[in-house]
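Here is a walk through the helix packing, charge pairs and surface spots of one protein model. Keep the structure open beside you as you read.

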Amino acid sequence: MPQDPFRYFRLEARELLDQFGEGILELEKNGSGVALIQRLLRLAHTLKGAARVVKQGEIADRAHAIEDLLSPLRDVSGAVPRPRIDPILEHLGAIGAGVQALDPPETAAARAPGRSPTDEGFRTVRADMAEMDSLLDGVAETRAELNALQKAAAGVAGAQRLVDFLAEQLGHRGATGSDRRAAANLDDAHAVATEAKQLLASVSRDFGAGFDRMDRELRQLRDATEQLRLMSAGELFVSLERAAHDAARSLGKRVAFAGKGGDIRLDAQVLGSVQTALVQIVRNAVAHGIEPESERRASGKPEAGTVTIEVSRRGRRVVFACHDDGGGVDLDAVRRVAARRGLSATEAGRLDVPDLMRLLLRGGISTSEIVTEVSGRGIGLDVVREAVEQLGGEVSARTKPGEGTWFELVVPLSLASLEALIVENSGVAAAIPLDAI
């Protein structure tokens with residue numbers, strides 16, 4: 001267990017509170033809107049889940065209360081009365097104070113009067129990451145300069161060809177010349193041309209070897225710097241297992257968590273964003289997938305359900321495959337919600353399993369009829385989709401009655417660099433990511 005168990009939570013909570021502050025300001029200035037309220041609900045839902053993971057019940061309860069206050073605003077158009085905003089601000093203020101109270105004693109003591117709460121440890125990490133990003137930018141710029149020099153070196157090869165031609169011509173004229181003085185001058189010129197030819201050949205060889213060596217060393221430097229930015233995917237497993245057990249405890253269920261592929265390393269920034277999505281998927285698996293013990297016994301399953309997260313590499317992308325052995329998604333419930341959202345009963349009935357899973361991933365749909373701490377507002381998969389899309393990744397899902405549900409999150413290994421194919425046409429150059437080819 002780390003000496004400071006709340007350091008990751010403090011960073012995430014403060015970022016969420018900052019985004020909440022911006023959203024509330026927008027709510028006051030521009031009034032309500034479905035997209036804005038949905039975004040605020042996602043922030044509250046994420047904060048609630050993160051607080052539950054680190055056993056901060058009061059913060060989670062206040063985030064849950066904010067959800068209760070925001071949910072009715074989805075149906076409000078225009079300006080939101082100030083009396084409906086004030087309670088939200090009160091909860092946010094209390095949450096901010098609660099997060100600040102989690103600072104380690106040395107950080108709280110060192111904070112100057114009037115200074116806004118910050119996480120010193122993560123500030124250092126962020127500064128280090130910024131320095132590494134700057135170093136990577138420098139490496140990229142140096143490689144660009146090196147490519148320019150390689151083009152310039154092509155001029156040396158052209159000069160060498162001209163000198164070769166000149167030496168050949170002078171040698172031929174020197175051999176046939178009748179005037180001794182002219183022949184002697186031609187011999188001298190031929191000797192100079194031959195020496196220039198040898199010198200240019202040496203320069204060309206040195207250029208080529210130097211370019212290859214510099215290119216190799218720059219690649220090694222880039223790879224070493226990128227490795228410093230990477231973290232083991234296994235860093236997530238403890239918090240995900242805790243989220244699974246907490247959700248199961250609150251719902252009176254039993255669950256076992258399994259993590260595989262924890263040695264896969266990826267960008268710390270990517271890992272932090274994926275954690276938000278995975279926590280939500282794990283909580284959804286327990287709430288909507290894993291059946292109560294009595295149902296599992298009746299169907300011949302172990303009393304404790306299993307939630308598995310398996311991490312693997314796919315080229316320069318990382319795949320998080322999430323599976324629960326529950327009863328699968330209640331597809332009829334999804335059809336009923338779709339019908340309430342405007343589809344006719346006939347249209348909803350024609351939706352096949354892939355269509356229904358895509359509908360779920362769009363967010364705003366819940367198969368739970370009761371709002372609880374874990375589920376009920378249809379925000380969860382919206383959080384998952386948004387987190388993955390912000391990384392430029394993809395998310396897909398499938399389900400099978402009685403056997404469970406599978407989610408697959410595919411995200412880039414790193415946001416710091418991208419391998420691409422450079423193409424040029426009519427003087428216009430473009431970089432096409434290799435993953436897209």
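## Glu58 and its partner

Glu58 has 57% relative accessibility, so it counts as exposed (the cut-offs are buried under 20% relative accessible area, exposed over 50% and partly exposed in between, with a 1.4 Å probe and protein chains only). Glu58 pairs up with Arg62 in a salt bridge, and their closest N and O atoms are 3.8 Å apart. For a pair to qualify, a side-chain nitrogen of Lys or Arg has to sit within 4 Å of a carboxyl oxygen of Asp or Glu. Arg62, at 26% relative accessibility, is partly exposed. Both residues belong to helix H3, 4 residues apart, or about one turn of the helix. Helices here are DSSP runs of H or I with at least four residues, strands are E runs with at least two, and both are numbered from the N terminus.

This is a predicted model, so to speak of local features takes pLDDT of at least 70 and side-chain atom pairs count only at pLDDT 80 or more, while totals for chains, interfaces and linings use all residues. Residues are numbered from 1 along each chain as its sequence is written, and side-chain values use heavy atoms, with hydrogens and water left out.

By the same rule, the count comes to 17 salt bridges. What does it take to get such a pair? Side chains of opposite charge can pair when their charged atoms come close.

In helix H13 (residues 353–361), Arg358 and Asp355 lie 3 residues apart, about one turn of the helix. Their side chains meet in a salt bridge at 2.5 Å, N to O, and Asp355 is partly exposed, with 28% relative accessibility. Elsewhere, shared partners link Arg254, Glu293, Arg297 and Glu303 into one network of salt bridges. One of its links joins Glu293 to Arg297, with the closest N and O atoms 3.9 Å apart. Those two sit in helix H10 (residues 293–298), 4 residues apart, again about one turn of the helix. Glu293 comes out at 23% relative accessibility, which makes it partly exposed, and Arg297 is also partly exposed, at 46%.

## How the helices pack

Two packed helices are described by the angle between their axes and the distance between the axes. Helix H2 (residues 34–53) packs on helix H3 (residues 57–70) at an angle of about 160 degrees, and their axes are 8 Å apart. That makes the two roughly antiparallel. The axes are lines fitted to C-alpha atoms, for helices over the stretch in contact, with angles from 0 to 180 degrees between N-to-C directions. An angle under 35 degrees counts as roughly parallel, over 145 as roughly antiparallel, 65 to 115 as roughly perpendicular, and the rest as oblique. H2 passes H3 in a left-handed crossing, meaning that the near helix is turned anticlockwise from the far one by less than a right angle (clockwise would be right-handed).

Helix H8 (residues 237–251) and helix H9 (residues 268–289) cross at roughly 30 degrees, and their axes come within 9 Å. That makes H8 roughly parallel to H9, and their crossing is right-handed.

## Loops around H3

Which loop holds Lys55? Look in the one between H2 and H3. Lys55 has a positive phi of about 65 degrees although it is not a glycine. Most residues other than glycine have a negative phi. Lys55 is exposed, at 51% relative accessibility.

Asp75 sits in the loop between H3 and helix H4 (82–100) and is exposed too, at 73% relative accessibility. Its C-alpha atom is 9.5 Å from that of Ile37, which is 38 residues away along the chain.

## A nonpolar patch

Leu421, Val423, Ile432 and Ile437 form a nonpolar surface patch with about 330 Å² of accessible area together. Areas come from the Shrake-Rupley method with a 1.4 Å probe, and for residues only the protein chains shown count as cover. Patch members need over 30% relative accessible area and no salt bridge; like charges are joined within 9 Å and nonpolar side chains (Val, Leu, Ile, Met, Phe, Trp, Tyr) within 5 Å. Leu421 is found in strand E8 (residues 420–425) and is partly exposed, at 40% relative accessibility.
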